[in-house]
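Hi,

Here's the structure I promised to pass along. Have a look, and then read on for my notes.

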Amino acid sequence: MKPFPERTRRGVTAVYRHPVLVRLTHWLNALCLLVLLLSGLQILNAHPAFYWGEVARFAEPWAAIEAKPRDDGELRGRLVVAGASFDTTGVLGASAAGGEQLQARAFPSWLTLPSYPDLGAGRRWHFAFAWILAINGLIYGMFAVLSGRLTGLIWPSLAELRTVPRSVWDHLRLRFAHGDAARGYNVLQKLAYAVVIFGLMPLMLLTGLTMSPAVYARLPLLGDLLGGRQSARTLHFLAASGLVAFFAVHIAMVVAAGPLNEVRSMITGWFVIRREKVKP
Ligand code: HEM
């Protein structure tokens, strides 16, 4: 990959780190994932339980969100994971929309699209944005491969992988690279982006396709590969949870590294290189 174009004005150096195609696909990707998450939770509300294997037995799910009345009649929400049960009233299982009474609802209205129960609308949002995400990902992927961005900026080298422990220690102390070292991504950033691009996103797409009866009927191999349709549904949810976890860490790192410079770089393309502090 060619070095980033750079300019220096009044002693401040900026590198053109994000070409317009990367910026556009990045923000469209973030919008798609938001719509997919909210509409996915609307769909999940129809049957908030997870199984492994080919068919749902409607008994002994490995994880489920339930609503059950207490002895005094008050509704309680519960999250059950591998036999362990947690009271989640108010958020999961039983929640109130707009100050009303508690209702049986796996995910609350503020976490679903649409906010009211409507499985059909949730599916339409989900499938429309899944296609936009897939096409957007394809465009980004082709650009990243052809421009050398994937190998030059994102894929970590073996030598870099050896520096993971030091980079973890630096991150724990909130010490981020300055000067020339800040021209590219650090090894943890590279690993996180690689896991998203090569792991979580393809897994989401593959498991999503496996859940489609039309695709599954034509490609039963997908089911064999993933251990059945219910396993695909579980893996789809786990991949989405992984992306939510990535999102939380991603935002935290953007804030810690300097949100103005970071977010501005994803809007204008230009990333300002801070000078290394000269040690006395
Ligand atoms: C779940 C949604 C998101 C995903 C999957 C995601 C993923 C990514 C990926 C893969 C990159 C590297 C792209 C490349 O260089 O080719 C990146 C960079 C970046 N993202 Fe996100 N992103 C998401 C949401 C956001 C949001 C909401 C913000 C706003 C705060 C944000 C801010 C940034 C910034 C500032 C960079 C550039 C970092 C740098 O140059 O040091 N991202 N993101």
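First, the housekeeping. This is a predicted model, so I kept local features to pLDDT of at least 70 and counted side-chain atom pairs only at pLDDT 80 or more, while totals for chains, interfaces and linings use all residues. Residues are numbered from 1 along each chain as its sequence is written.

On the domains: the chain splits into domain 1 (6–52 + 112–273) and domain 2 (53–111), with bounds that come from an automatic or database domain assignment. Their C-alpha centres are 29 Å apart. Where they touch, 18 residues of domain 1 are in contact with 16 residues of domain 2 (contact means C-beta atoms, placed from the backbone, within 7 Å). On the domain 1 side, helix 1 (20–44), strand 3 (49–50) and helix 9 (229–257) each give two or more residues. Helices here are DSSP runs of H or I with at least four residues, strands are E runs of at least two, and both are numbered from the N terminus. That side of domain 1 is made up of 9 nonpolar residues, 8 polar and 1 charged. For those classes, Ala, Val, Leu, Ile, Met, Phe, Trp, Tyr, Cys and Pro count as nonpolar, Asp, Glu, Lys and Arg as charged, and the others, Gly among them, as polar.

Now the ligand. There are 20 residues around it, and A30, Y193, F247, E262 and M266 come nearest (a residue is near if its C-beta atom, placed from the backbone, lies within 6 Å of the molecule or strand in question). Helix 1, helix 6 (187–211), helix 9 and helix 10 (259–268) each give two or more residues to this shell. By class, the shell holds 13 nonpolar, 4 polar and 3 charged residues.

Finally, the backbone. L113 and P114 are joined by a cis peptide bond, with omega about -10 degrees; P114 sits in the loop between strand 8 (103–105) and helix 2 (119–146). Two residues other than glycine have positive phi. R10, with phi near 45 degrees, is in the loop between strand 1 (6–9) and strand 2 (12–16). A82, at about 45 degrees, is in the loop between strand 5 (75–81) and strand 6 (84–87).

R10 is exposed, with 4 other C-beta atoms within 10 Å, and A82 is exposed with 6. The cut-offs, again with C-beta atoms placed from the backbone, are 20 or more other C-beta atoms within 10 Å for buried, 12 or fewer for exposed, and partly exposed in between.

Cheers

Definitions and conventions. Two residues are in contact if their C-beta atoms, placed from the backbone, lie within 7 Å.
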